[in-house]
Amino acid sequence: MTRLFTEFYQNIFYPILPNVLRLIRQFTFLCLLLCLVFALQSQAIAADFTDNLLKQPPREITISLGNSANELKFEPDHLEFVPGKRYLLHLNNPSQLKHYFTAKDFADSIWTQKVEAGKVEVKGAIHELELKPGAEAQWFFVPIKPGKYSLNCSIAGHTAAGMTGEIAIQ
């Protein structure tokens, strides 16, 4: 049996081994080339998508956290957004109390371009914004994942007093 194996190896397999190795190298090179083309194309598509989003004028919506009578509520308390559209959410706090705009699940379902407050610009994931009395902020974002999300002010007692809302992405 060993003699048969040795003859097979020496007479049949060994002569074609260089051709097999060359085919494996060519196939590997082709696979790497296709992966590179796919990766570059994906980056170009993502860049075009982002560029197109940033060229869209944002749809502007204003929401007040509380009011001048110091009522604990969001005005309006129901917000609706469309996936893939760019928005500018103007947040203001006309009350004498500080308030939070807390909507973690909503924040996880959007792409935040930036938040501006005064001369500060914050980029990256945002889950909660604190607005002190008289403060204003602008949140630029694009909704991605449809759903209904809760909104509340996370200061002790504010949610229980009715400072809640709903955000829908449809």
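Accessible areas here come from the Shrake-Rupley method with a 1.4 Å probe, and for residues only the protein chains shown count as cover. On that basis the accessible surface of the protein comes to about 11,000 Å², of which 61% belongs to carbon and sulfur atoms. This is a predicted model, in which local features need pLDDT of at least 70, side-chain atom pairs count only at pLDDT 80 or more, and totals for chains, interfaces and linings use all residues. Residues are numbered from 1 along each chain as its sequence is written, and side-chain values use heavy atoms, with hydrogens and water left out.

**Overall organisation**

- The protein has two helices and 11 strands; helices (H or I, at least four residues) and strands (E, at least two) are DSSP runs, numbered from the N terminus.
- From the N terminus on, the order of elements is α-β-β-β-β-β-α-β-β-β-β-β-β.
- Of the 170 residues of the protein, 29% count as buried, where buried means under 20% relative accessible area, exposed over 50%, and partly exposed in between (1.4 Å probe, protein chains only).
- Among contacts (heavy atoms within 4.5 Å) in the protein with a separation of 6 or more, 75% are between residues 24 or more positions apart.

**Sheet**

- Six strands form an open sheet with mixed pairing, in the order E2-E1-E4-E9-E6-E7; two strands pair if DSSP finds at least two bridges between them.
- E2 and strand E7 (120-122) stand at the edges with a single partner strand each, so one side of each has no neighbour in the sheet.
- E4 and E9 pair in the antiparallel sense over six bridges, and histidine 90 stands opposite glutamine 138 in E9.

**Nonpolar core**

- A nonpolar core is a set of buried Ala, Val, Leu, Ile, Met, Phe, Trp, Tyr and Cys residues joined through side-chain atoms within 4.5 Å.
- The largest such core has 27 residues, of which Leu91, Phe101, Phe106, Trp139 and Ile167 touch the most other members.
- Strand E4 (residues 87-92) supplies the largest share of this core, three residues.
- Phenylalanine 106 counts as buried because its relative accessibility is 0%.
- Neighbours within four places in sequence aside, phenylalanine 106 is in contact with Phe81, Trp139, Phe141, Tyr149, Ile167 and Ile169.

**Aromatic pairs and cluster**

- Rings of Phe, Tyr and Trp (its six-membered ring) pair if their centres lie within 6.5 Å; planes under 30 degrees apart count as stacked, over 60 as edge-to-face and the rest as tilted.
- The count by this rule comes to 10 aromatic pairs.
- One of them is the edge-to-face pair of phenylalanine 81 and phenylalanine 141, at 5.2 Å centre to centre and 80° between the planes.
- Phenylalanine 81 lies in strand E3 and phenylalanine 141 in strand E9 (residues 136-143), so this pair ties together parts that are 60 residues apart in sequence.
- Phenylalanine 106 and tryptophan 139 also form an edge-to-face pair, at 6.1 Å centre to centre and 75° between the planes.
- Because phenylalanine 106 lies in helix H2 (residues 104-108) and tryptophan 139 in strand E9, the pair ties together parts that are 33 residues apart in sequence.
- One aromatic cluster is formed by Phe74, Phe81, Tyr87, Phe101, Phe106, Trp139, Phe141 and Tyr149.

**Backbone features in loops**

- A cis peptide bond, with omega about -5°, joins glutamate 75 and proline 76; proline 76 is in the loop between strand E2 (74-75) and strand E3 (78-81).
- Asparagine 70, in the loop between strand E1 (59-65) and E2, has a phi near 60°, a positive value in a residue other than glycine.
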